[in-house]
Amino acid sequence: MGDPASPGELPVSASAEEVPIVLLLDVSTNQTLAARNADRRFIPASITKVMTAYVAFEKLAAKQMDLRQRVVVNADIAEEWGGVGSTMFLEVGDVATVEELLRGITAVSANDGAIVLATHGAGSVDKWVAEMNAAARKLGMRNSHFGTPNGWMDGGATFTTARDLAILARAITTQHPALYNHFFGREGFSFNGIAQANHDPLVGKVEGADGIKTGYTNEAGYGFLGSAMRDGRRLVVVTAAAPTGRGRNKAAIELVEWGFDAFSTKRLFAKDTLVGAAEVQNGASATVDLLADQQIHASLPRGTAAGDVSLSIKYLGPIPAPIAKGEEIAELEVSIAGHGSHRIPLVAAEDVAEAGFWTRLWNGVRGIVT
């Protein structure tokens, strides 16, 4: 669906200067409901592990990894990462399955688990990090770069933005929902007889909360990428660079509650509904119908009047033939007074072949005459 939309005003209770970077995204509509400094780069710390989980989920979906695979912890990793930051206390010779490593990463932010998984999954940490950055580019995270699989301090090589983290959260929750629900939002994790709690600030405190990841280092401050779902509507929240964990957590909770309370979701078009048409250049037909290939919704502030919402079709045209049925060729722009706009892709309803010689000739003559 492209980039998240422009935001509305921040709720007063969550706009304290203590949390300089915040963003609230409605995943179902791809609308940014509120934001401050959404494109300012910052150090994500352990939130980096969400990208490591995403790369692992991609590999699992492609059958390039298996949750039952057993991984032996080598001496180099145990020596370098034993007891460094958050850990699942892996020791030399320990055997952990891919599932256990992912649970350690997603539930207790295991730095050592992320390194072991990366080495197993790609052959080396450097190769895994290259896959993280390739995934970021593919998702459209244009202001992000990863230098480690776990977010440990690396001199600023790892950075991101709130908008990019919202894109990542949307991808991991919508592209891999079963794996996301299996691994994220757990209360804690136990390995080698050591039980640890998950410090997610939303889970257990906010209705529908199911993850995602906290982050903290001295240089990064306190950050959080979180998610909650109610009645099929998912919100993603980012808070970053906060000076205190309490301020980060308070802002995240308030933003999510405000997002559910202050907005309602309205369906604009059902799936496969005719939305409009676009002009075609040198095609067997002069126009092509445009469909919504998914249900189109909008998150509207409660009490929004019909006149406060406007719809328009946007495309670079006329669109040159040939056009394939189902090809994304236009966008529906939904504008809400006082709350910016967002766009949803529209697809061609049918194939449009390139025009024959005589049709192209006639179109050329008609163009000169007109």
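Biologist: At what angle do the axes of helix 1 and helix 6 cross?

Modeller: In this predicted model, the axes of helix 1 (residues 49-61) and helix 6 cross at roughly 35 degrees and come within 10 Å. Axes here are lines fitted to C-alpha atoms, for helices over the stretch in contact, and angles run from 0 to 180 degrees between N-to-C directions. Helices are DSSP runs of H or I with at least four residues, strands are runs of E with at least two, and both are numbered from the N terminus.

Biologist: Is the crossing left-handed or right-handed?

Modeller: Helix 1 passes helix 6 in a left-handed crossing; that is, the near helix is turned anticlockwise from the far one by less than a right angle.

Biologist: Which residues meet there?

Modeller: From helix 1, V50, M51, A53, Y54, F57 and E58 meet L168, A171, I172 and Q175 of helix 6. Contact means heavy atoms within 4.5 Å. By class, this contact of helix 1 with helix 6 has 8 nonpolar, 1 polar and 1 charged residues. Ala, Val, Leu, Ile, Met, Phe, Trp, Tyr, Cys and Pro count as nonpolar, Asp, Glu, Lys and Arg as charged, and the others, Gly among them, as polar.

Biologist: How many residues of helix 6 are buried?

Modeller: Helix 6 is mostly covered, with 11 of its 14 residues buried. Buried means under 20% relative accessible area, exposed over 50%, and partly exposed in between, with a 1.4 Å probe and protein chains only. The buried residues include R163 and D164, as well as L168, A171 and I172.

Biologist: Turning to L23, where is it?

Modeller: L23 lies in strand 1 (residues 21-26). L23 has a relative accessible area of 0%, so it counts as buried.

Biologist: And what does L23 touch?

Modeller: Leaving aside residues up to four places away in sequence, L23 touches T32, A34, A35, A38, A162, R163, A166, V236, V237 and V238. Of these, A162, R163 and A166 are also among the buried residues of helix 6.

Biologist: How many helices and strands are in the chain?

Modeller: The protein chain has 9 helices and 17 strands, and 51% of its 370 residues count as buried.

Biologist: What conventions apply?

Modeller: Residues are numbered from 1 along each chain as its sequence is written, and side-chain values use heavy atoms, leaving out hydrogens and water. Local features need pLDDT of at least 70 and side-chain atom pairs count only at pLDDT 80 or more, while totals for chains, interfaces and linings use all residues.
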